[in-house]
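Biologist: Please show me the sequence and the structure. I have some questions about the model, and I would like the cut-offs stated as we go.

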Amino acid sequence: MKPSAIIGAGLLGLGLLLLVTGNFTGAGSIIQYFWPTMFILPVSILLHVLYFRFVSNGGSGLLIPGGILLTVAVVCQISMLFNAWEYMWPGFILAPAVGLLEFYWFGYRNRWLLLPIGILSSLSAIFFIVFSLGYILRAVGPGQPYIAVVLVIAGAALLLLKRKPASRF
């Protein structure tokens with residue numbers, strides 16, 4: 001790796017830190033905001049590199065913790081930068097699904113792995129949607145009763161409108 005790439009990555013990280021926090025007080029603030037990228041992400045990358053570069057098919061079990069740690073690193077980094085822990089926590093339910101999906105995709109293709117992958121992914125998506133809608137409705141604030149009325153009218157209209165019978169030709 002070239003020294004300019006390392007310096008460029010450091011400057012990029014410092015710039016992101018200044019944008020997100022608004023101040024820079026030293027090494028402590030870098031660790032405070034970028035600990036997922038500094039400690040969790042490298043382990044995930046190491047596990048992926050071990051599988052794809054050195055071990056290949058015999059060690060597909062490396063992909064499960066690699067995928068879990070990759071997802072956890074992304075969820076924690078977004079949560080740290082934007083203080084969004086209360087909205088990002090369903091990502092921790094998604095993490096084992098990502099690890100199992102990598103194991104399924106690059107491993108032995110056992111179709112029974114799709115069951116926990118689907119359940120965990122669906123559960124995570126439901127929680128992401130519910131908490132995102134909760135945030136949006138809180139942000140709307142005073143307009144919430146109007147949105148509720150529009151939703152009730154739209155639902156009633158869909159239920160009460162008669163549909164034309166399908167033609168046979």
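**Rings, charges and helices**

Modeller: The charged end of Arg109 sits over the ring of Trp105, 4.7 Å from its centre; the term requires NZ of Lys or CZ of Arg within 6 Å of the ring centre and within 35 degrees of the ring normal. This is a predicted model, where local features need pLDDT of at least 70 and side-chain atom pairs count only at pLDDT 80 or more, while totals for chains, interfaces and linings use all residues. Residues are numbered from 1 along each chain as its sequence is written, and side-chain values use heavy atoms, with hydrogens and water left out.

Biologist: Over the ring of which residue does the charged end of Arg109 sit at 5.6 Å from the centre?

Modeller: The distance again runs from the charged end of Arg109 to a ring centre. At 5.6 Å, the ring is that of Tyr104.

Biologist: How many helices are there in the chain?

Modeller: Helices are DSSP runs of H or I with at least four residues, strands are runs of E with at least two, and both are numbered from the N terminus. From that end the elements run α-α-α-α-α-α-α. The chain has zero strands, and its helices number seven.

Biologist: How are the rings of Trp89 and Phe127 arranged: stacked, edge-to-face or tilted?

Modeller: Rings of Phe, Tyr and Trp (its six-membered ring) pair if their centres lie within 6.5 Å; planes under 30 degrees apart count as stacked, over 60 as edge-to-face and the rest as tilted. The whole structure holds six such aromatic pairs. For Trp89 and Phe127 the centres are 5.0 Å apart and the planes at 45°, so the pair is tilted.

Biologist: How many residues apart in sequence are the parts that this pair ties together?

Modeller: Trp89 lies in the loop between α4 (85–88) and α5 (90–106). Phe127 belongs to helix α6 (residues 114–140), so the parts are separated in sequence by 38 residues.

Biologist: What is the arrangement of the rings of Trp89 and Phe131?

Modeller: The centres of these two rings are 5.3 Å apart. Their planes stand at 80°, so the pair of Trp89 and Phe131 is edge-to-face.

Biologist: Is His48 buried or exposed?

Modeller: Buried means under 20% relative accessible area, exposed over 50%, and partly exposed in between (1.4 Å probe, protein chains only). His48 is in helix α2. Its relative accessibility is 14%, so His48 counts as buried.

Biologist: Which residues does His48 touch, not counting residues up to four places away in sequence?

Modeller: Contact means heavy atoms within 4.5 Å. With the sequence neighbours up to four places away left out, the residues touched by His48 are Leu63, Gly66, Gly67, Leu70 and Glu102.

Biologist: What percentage of the residues of the chain count as buried?

Modeller: The count covers the 169 residues of the chain. Leu18 in helix α1 is partly exposed at 42% relative accessible area. For the chain, the buried share is 24%.

Biologist: Which residues link into a cluster through ring pairs?

Modeller: The links are ring pairs, under the cut-offs already given for ring centres. The cluster consists of Tyr51, Phe52 and Phe106.
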